[in-house]
Amino acid sequence: MNIIYVPSLPIYHELTDNDGFLELADRDKWMPSLLNQKGYPTQLWAAGYHSLKTEWQYDDLPTLPVRIFRTDSRDGDIKKHASRSLNEAVFQEDIDFVIIKGMDGGVGLDLIKRVLIPRQIPFATIINGTWYHPVIKHATAVLYETEWQRKQLTTRTVRFWRSVVDDRKMIHLAKSVDTRHFSPNPKIKKECDVIGMERILTHSDKIAKLIELSRHVKVGIIGGGTELYNFRKRYPEITWFGAVPYSRIPDLMNKGKLFFHSGFRKDHPRAISEAAACGVPTVAFGDVIHSDVLPDHIGLRVDQNSFVSEITALLENQKQLESYSKAARTHAENVWNHQSTLPAIRELILRLKKSKK
């Protein structure tokens, strides 16, 4: 059985080139590597600025074949970019099953609509940010990250035009992180009260919350983008680390007494798992990030109207910070390590076997 794993968004959506993409040791690579380990030949196919055929090696896992295909038009919304060459490769080669990571990218959606559905090639979708698209009704399996996503997909709502996904198709997929790369480093000085991680593209609500917080405590923000220069000039009280390579992120995470996820999407941001692995307590909005993503013993879920006072109070409570820090690291090692995807992979393999009968 030949399987391909396809990120729905082009790799440059994360502001990285082919080299930066290959440097990342993340779930998008070790999931297909683990499938190879289980005896199911799997390749990682992605779309980017330049085509490439190479391999990726992680730890003691089997070598993962990687192909990057050129996207078509580079204009307009990056989320709508697609790749005809990737579609043609799937059409021409003997592919038995496809895993699409994300429902918000043109690369994956175009592949589903133009190739997988017409050719009746079974596929699974991994839900992260955007949790619904009409093509989901054609999926053999749906891998979700949060309980909120599962309920939204399996329950009939007032939006009657949405397809309800059979709960038997749903598979929980843990957010995972390399807990050896992301780890506490007591040698690094806590230079910032709060660390955030955002792409600096516009004056978004997420950035606005971090800016508001910076009027009360010392804030550092990891992330690059087109507006970084302007933001550095306008808000010099914030430490703008800019775009940094994957290898440097753990050190910057360790500079903060806590990590603040200021986003408003009901998903499981990878940065929460990375911060926890570094032993950095996380704060997020309680009406956005639920307890299955940020358990009460590893961090704090705050109210949008009082988050500043709640965060400043936590920063003054050294004993609570230490408790969160130890618990966060333990939780990441036990629940979010790079092997944590194995239960979902085993369940997916069972679905693959059933689909072939």
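Which residues in helix 9 meet which residues in helix 11? That was my opening question for this predicted model.

**Entry 1: two helices**

I looked up the contact and found Ser273, Ala276 and Ala277 on the helix 9 side, with Ala328, Arg329 and Ala332 on the helix 11 side. I sorted the residues of this contact into 4 nonpolar, 1 polar and 1 charged. Then I checked the geometry, since two packed helices are described by the angle between their axes and the distance between the axes. Helix 9 covers residues 270-277 and helix 11 covers residues 318-335; their axes come within 7 Å and cross at roughly 115 degrees.

I zoomed in on strand 2 and strand 4, which run parallel and are joined by 5 bridges. Tryptophan 45 has arginine 67 in strand 4 as its bridge partner. Arginine 67 also lies over the face of tryptophan 45, at 4.9 Å from the ring centre.

**Entry 2: aromatic rings**

How many aromatic pairs are there? I got a count of 13. I picked two of them to look at.

The rings of tryptophan 30 and tyrosine 58 have centres 5.3 Å apart and planes at 40 degrees, so I logged the pair as tilted. Tryptophan 30 belongs to helix 2 (residues 27-37), while tyrosine 58 is in the loop between strand 3 (52-56) and strand 4 (64-70), so the pair ties together parts 28 residues apart in sequence. Both tryptophan 30 and tyrosine 58 are buried.

For tryptophan 45 and phenylalanine 69, I found ring centres 5.2 Å apart and planes at 55 degrees, so that pair is tilted as well. Tryptophan 45 lies in strand 2 (residues 42-48) and phenylalanine 69 in strand 4, so the pair links parts 24 residues apart in sequence. Are these two buried or exposed? Tryptophan 45 is buried, at a relative accessible area of 0%. Phenylalanine 69 is at 7%, so it counts as buried under the 20% cut-off.

I also jotted down one aromatic cluster, formed by Phe260, Phe264, Phe285 and Phe307. Elsewhere, the charged end of arginine 119 sits over the ring of phenylalanine 91, 4.6 Å from the ring's centre.

**Entry 3: helix 2**

I went back to helix 2 and found 10 of its 11 residues buried, so the helix is largely enclosed by the rest of the structure. Among the buried residues are Arg27, Asp28 and Lys29, along with Trp30. After helix 2 comes glycine 39, with a positive phi near 95 degrees.

**Entry 4: strand 9**

Why do I call strand 9 (residues 192-197) largely enclosed? Because 5 of its 6 residues are buried. I then looked up its partners. Strand 9 pairs with strand 12 (residues 256-261) in the parallel sense, over 3 bridges, and cysteine 192 stands opposite glycine 256 in strand 12. Strand 10 (residues 219-222) also runs parallel to strand 9, with 4 bridges joining the two. There, isoleucine 195 has glycine 220 as its bridge partner.

Conventions
Residues numbered from 1 in each chain as written. Predicted model: local features only at pLDDT ≥ 70, side-chain atom pairs only at ≥ 80, totals over all residues. Heavy atoms only, no water. Axes fitted to C-alpha atoms, helices over the stretch in contact; angles between N-to-C directions. Contact = heavy atoms within 4.5 Å. Nonpolar A, V, L, I, M, F, W, Y, C, P; charged D, E, K, R; others polar. Phe/Tyr/Trp six-rings, centres within 6.5 Å; stacked < 30°, edge-to-face > 60°. Buried < 20%, exposed > 50% of the residue type's maximum accessible area, 1.4 Å probe, protein only. Lys NZ or Arg CZ within 6 Å of the ring centre and 35° of its normal. Pairing = 2+ DSSP bridges.
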